[in-house]
Amino acid sequence: MKIVVCIKQVPDTKGGVKFNPDGTLDRAAMLAIMNPDDKAGLEAALRIKDETGAEVTVVTMGLPKAEDALREALAMGADKAVLVTDRCLGGADTWATSSTVAAALKMMEYDLIITGRQAIDGDTAQVGPQIAEHLGLPVISYAEGLTIEGDSVIVKRQYEDRYHEIKAKMPCLVTALSELNVPRYMTPGGIFDAYDEKEVTVWSRADLGENLRDEDMGLAGSPTKIAKASDKVRKGAGEKVVLDPTESVAYIMGKLKEKHVI
């Protein structure tokens, strides 16, 4: 069985957010981590590998430094890693990203594709389902449970105040929630293998060939554009008052009426 996990290196927002003049994120200037939903998807694949001996490949599109996220995945137990990187792919929205990743997947063998539900830098939850559409695969989103049964995958899908249990024949694509599991840590031996024994395959635009159209890639091939971007607006200091209980009630009620809450 062959499983491909799509991961993304995202900004660690604890270190601050920086933007380019065109409004896109300046990813090269920020600290980065593996997207949490993607890491849960990777852990799900590794658990299947532990049970069945499946081969797990991780793939990402990004800057050259995204290799760090792939090395982390290899250190956790993935078998192979593919980095799709090229200057002409930069600034991609969800459509251009999914088109590019799907082009890479067309060059790979897979029974199951796992992506995160969404990335914390965009929160669109669009790329996974779009990849499935490009590849003509069934998709099950919002997975909070995942098991393999023969040639099928059974997914416990989160749905508001309940869940659906859905079964689909492979090949198919599943998008994972961070609640799916608790990802394992890298091991010392895994880290050694990831950096000294295993290779990261690097593909450029030229390697994707006719699988990717020029009009579907990068900033120029993105139908959506960022109109404005900014860091989080910090709230000002609140008003502090010291009153007895009776006065406090009157004060709070007055403020609620002033704000037209009541």
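**Sheet, helices and a surface patch**

User: Hi! In what order do the nine strands of the open sheet run?

Analyst: The nine strands make an open sheet with mixed pairing, where two strands pair if DSSP finds at least two bridges between them. Strands here are DSSP runs (E, at least two residues) and helices likewise (H or I, at least four), numbered from the N terminus. The order is β9-β8-β7-β10-β6-β1-β4-β5-β11.

User: And which are the edge strands?

Analyst: Look for strands that pair on one side only. These are β9 (162-169) and β11 (200-203).

User: Before going on, what kind of model is this?

Analyst: Residues are numbered from 1 along each chain as its sequence is written, and side-chain values use heavy atoms, without hydrogens and water. Local features need pLDDT of at least 70 and side-chain atom pairs count only at pLDDT 80 or more, while totals for chains, interfaces and linings use all residues, as this is a predicted model.

User: Thanks! In which sense do β1 and β6 pair?

Analyst: Strand β1 covers residues 2-6 and strand β6 covers residues 112-116. Within this pair, Cys6 stands opposite Thr115 in β6. The two strands share four bridges, and the sense is parallel.

User: What angle does helix α3 make with β4?

Analyst: Helix α3 (residues 94-105) packs on the sheet, touching β1, β4 (55-61), β5 (80-84), β6 and β11. Contact means heavy atoms within 4.5 Å. Axes are lines fitted to C-alpha atoms, for helices over the stretch in contact, with angles from 0 to 180 degrees between N-to-C directions. The angle is about 145°.

User: How many residues of helix α2 are buried?

Analyst: Helix α2 (residues 67-76) is mostly covered, where buried means under 20% relative accessible area, exposed over 50% and partly exposed in between (1.4 Å probe, protein chains only). Among the buried residues are Arg71 and Glu72.

User: Is Val249 buried or exposed?

Analyst: Val249 sits in helix α7 (residues 245-258). With Met253, Val261 and Ile262, Val249 makes a nonpolar surface patch of about 380 Å². Because its relative accessibility is 52%, Val249 counts as exposed.

User: Last one: how far apart in space are Glu144 and Gly189?

Analyst: Glu144 lies in strand β7 (residues 139-149), and counts as partly exposed because its relative accessibility is 24%. Beyond neighbours within four places in sequence, its contacts include Lys156 and Tyr163. Glu144 and Gly189 are 45 residues apart in sequence, and their C-alpha to C-alpha separation is 30 Å.

Technical notes:
Patches are made of residues with over 30% relative accessible area and no salt bridge: like charges are joined within 9 Å, nonpolar side chains (Val, Leu, Ile, Met, Phe, Trp, Tyr) within 5 Å. Accessible areas come from the Shrake-Rupley method with a 1.4 Å probe; for residues, only the protein chains shown count as cover. A salt bridge is a side-chain nitrogen of Lys or Arg within 4 Å of a carboxyl oxygen of Asp or Glu.
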